Amino acid sequence: VDPEVRFRLGTAYLGLDQPSLAREQFIQGLESAPGDAKLIEGIAAALVETGQRDELFRLLRRQAEQTRSVDDYIRYGRFATLVGDADVGEEALLTAARIDEGRTLEPQLALANFYRTIGDSAQELTRLRMALFLDPSNEELITRIAERGEVAGPAFVLQPLERQ
């Protein structure tokens, strides 16, 4: 069966609060489309719903280590944080930023979101400044910075640490 069909069926099962059935559909889809981000995301969501934290970490860590992709490390960090492991989440997101070498917005924004989640407003603001360096006209960034009482002007931007 087509991986897209498996993905849609898995998503439907998640919507029906049947994460075990969803996981099976996502896994079967992944067999036909190895590395498909949507299917990996679906498996991870199903593992969170079924409380299979160790399996979640194994899946996402293995995927990230195999691909060394920024997106896979961001996914690993996001899900680790979601299930309450801020240390693993931060390390995965920092790894994504290092791999990216400060070239794109996504790792900086993922780190800013992570720091907001754990209540570290100083680190959040630092990463927002780095994100602004990469995308100075991004309205979402400008708004978030303003919400923290800062002005997102040219002197406010900060070159990403990973770029140096």
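Analyst: Buried means under 20% relative accessible area, exposed means over 50%, and partly exposed covers what lies in between, with a 1.4 Å probe and protein chains only. This is a predicted model, in which local features need pLDDT of at least 70 and side-chain atom pairs count only at pLDDT 80 or more, while totals for chains, interfaces and linings use all residues. Residues are numbered from 1 along each chain as its sequence is written, and side-chain values use heavy atoms, with hydrogens and water left out.

A salt bridge here is a side-chain nitrogen of Lys or Arg within 4 Å of a carboxyl oxygen of Asp or Glu, and the structure holds 14 of these salt bridges. Side chains of opposite charge can pair when their charged atoms come close.

One of these pairs joins Asp72 to Arg75, with 2.6 Å between the closest N and O atoms. Both belong to helix H5 (residues 70-82), where, being 3 residues apart, they are separated by about one helical turn; helices are DSSP runs of H or I with at least four residues, numbered from the N terminus. An α-helix has 3.6 residues a turn, so residues three or four places apart point the same way. Asp72 is buried at a relative accessible area of 8%, and Arg75 is likewise buried, at 6%.

Another pair brings the side chain of Arg148 to that of Glu124, at 2.7 Å from N to O. Because Arg148 lies in the segment after helix H9 (139-147) and Glu124 in helix H8 (residues 121-134), this pair ties together parts that are 24 residues apart in sequence. Arg148 is partly exposed, with 26% relative accessibility, whereas Glu124 is buried, with a relative accessible area of 3%. Arg148 also forms a salt bridge with Glu147, where the closest N and O atoms are 3.5 Å apart, and Glu147 is exposed at 57% relative accessible area. Elsewhere, salt bridges that share partners join Glu41, Asp72, Arg75 and Arg78 into one network.

The helices that hold Asp72 and Glu124 also take part in packing, since the buried residues of H7 pack against H5, helix H6 (86-100), H8 and H9, contact being counted for heavy atoms within 4.5 Å. Among the buried residues of H7 are Leu105, Leu109, Phe114 and Tyr115.

How values were computed: Helix = DSSP H or I, 4+ residues; strand = E, 2+ residues; numbered from the N terminus.
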